[in-house]
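Please examine the sequence and the three-dimensional structure shown below. The briefing that accompanies them is arranged by topic.

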Amino acid sequence: MDADLDTMSHNELITEAKRLRDAIRKHRDATGHDLCWHHPQLWEMLPEKLNPDIAVPPWPKFLRGCVRYRESLDRQKPDAPVLDEEFET
């Protein structure tokens, strides 16, 4: 699956590592409503190009998952500032 790495030069590997680190940092640094989004741009950084076959839970279960995620943020990062903004498209 990662055979492309075997053919890269040292400089190409460094460039690839920096590109992937940049993408991970952008994902890590997401805040506010951006924490809740599907991130296909991160998956597109992989060499294999495919459309992931995702499945979504029904609304009540999905919303319970959102609440649990938010509760986990309260436990893991209780000192995080609160961004009191409505989501707008």
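The structure is a predicted model, in which local features need pLDDT of at least 70 and side-chain atom pairs count only at pLDDT 80 or more, whereas totals for chains, interfaces and linings use all residues. Residues are numbered from 1 along each chain as its sequence is written, and side-chain values use heavy atoms, with hydrogens and water left out.

**Overall fold and dimensions**

- The protein contains 3 helices and 0 strands; helices (H or I, at least four residues) and strands (E, at least two) are DSSP runs, numbered from the N terminus.
- Along the sequence, the order of elements is α-α-α.
- The radius of gyration of the protein is 18 Å, while a compact globule of 89 residues would have a value near 12 Å. This radius is taken over C-alpha atoms, and the globule rule is 2.2 Å times the number of residues to the power 0.38.
- The C-alpha trace spans about 45 × 30 × 25 Å along its principal axes.
- Among the 89 residues of the protein, 7% count as buried. Buried means under 20% relative accessible area, exposed means over 50%, and partly exposed lies in between (1.4 Å probe, protein chains only).
- Accessible areas come from the Shrake-Rupley method with a 1.4 Å probe, and for residues only the protein chains shown count as cover.

**Salt bridges**

- Side chains of opposite charge can pair when their charged atoms come close.
- The whole structure holds 5 salt bridges, a salt bridge being a side-chain nitrogen of Lys or Arg within 4 Å of a carboxyl oxygen of Asp or Glu.
- One of them joins R19 and E16, with an N to O distance of 2.9 Å. These two residues are separated by about one helical turn because they are 3 residues apart in helix α1 (residues 10-28). R19 is partly exposed at 35% relative accessibility, whereas E16 is buried at 17%.
- Helix α1 also contains D22 and K26, which are 4 residues apart, about one turn of the helix. Their salt bridge has its closest N and O atoms 3.3 Å apart. D22 is partly exposed at 37% relative accessibility, and K26 is exposed at 60%.
- In helix α3, R70 and D74 are likewise placed 4 residues apart, about one turn of the helix. The closest N and O atoms of their salt bridge are 2.4 Å apart. R70 is partly exposed at 42% relative accessibility, and D74 is partly exposed at 43%.

**Side-chain contacts to the backbone**

- S72 belongs to helix α3 and is buried, with a relative accessible area of 12%. Its side chain reaches the backbone oxygen of Y69 at 2.6 Å. A polar contact is a pair of N or O atoms within 3.5 Å; within protein, one must be able to donate a hydrogen and the other to accept it, and residues adjacent in sequence count only if both atoms are side-chain atoms.
- H39 sits in the loop between α1 and α2 and is buried, with a relative accessible area of 16%. A polar atom of the H39 side chain lies 2.9 Å from the backbone oxygen of W37.

**Cysteines**

- A disulfide is a covalent bond between the sulfur atoms of two cysteines.
- A search of the whole structure finds 0 disulfides, the criterion being a pair of cysteine sulfur atoms within 2.5 Å.
- The cysteine sulfur closest to that of C36 is in C66, at 5.9 Å, and is therefore too far for a bond.
- C36 is exposed at 54% relative accessibility, whereas C66 is partly exposed, with a relative accessible area of 32%.

**Nonpolar surface patch**

- W43, I54 and V56 make a nonpolar surface patch of about 310 Å². Patches are made of residues with over 30% relative accessible area and no salt bridge; like charges are joined within 9 Å, and nonpolar side chains (Val, Leu, Ile, Met, Phe, Trp, Tyr) within 5 Å.
- I54 is located in the loop between α2 (40-43) and α3 (59-76). I54 is partly exposed, with a relative accessible area of 48%.
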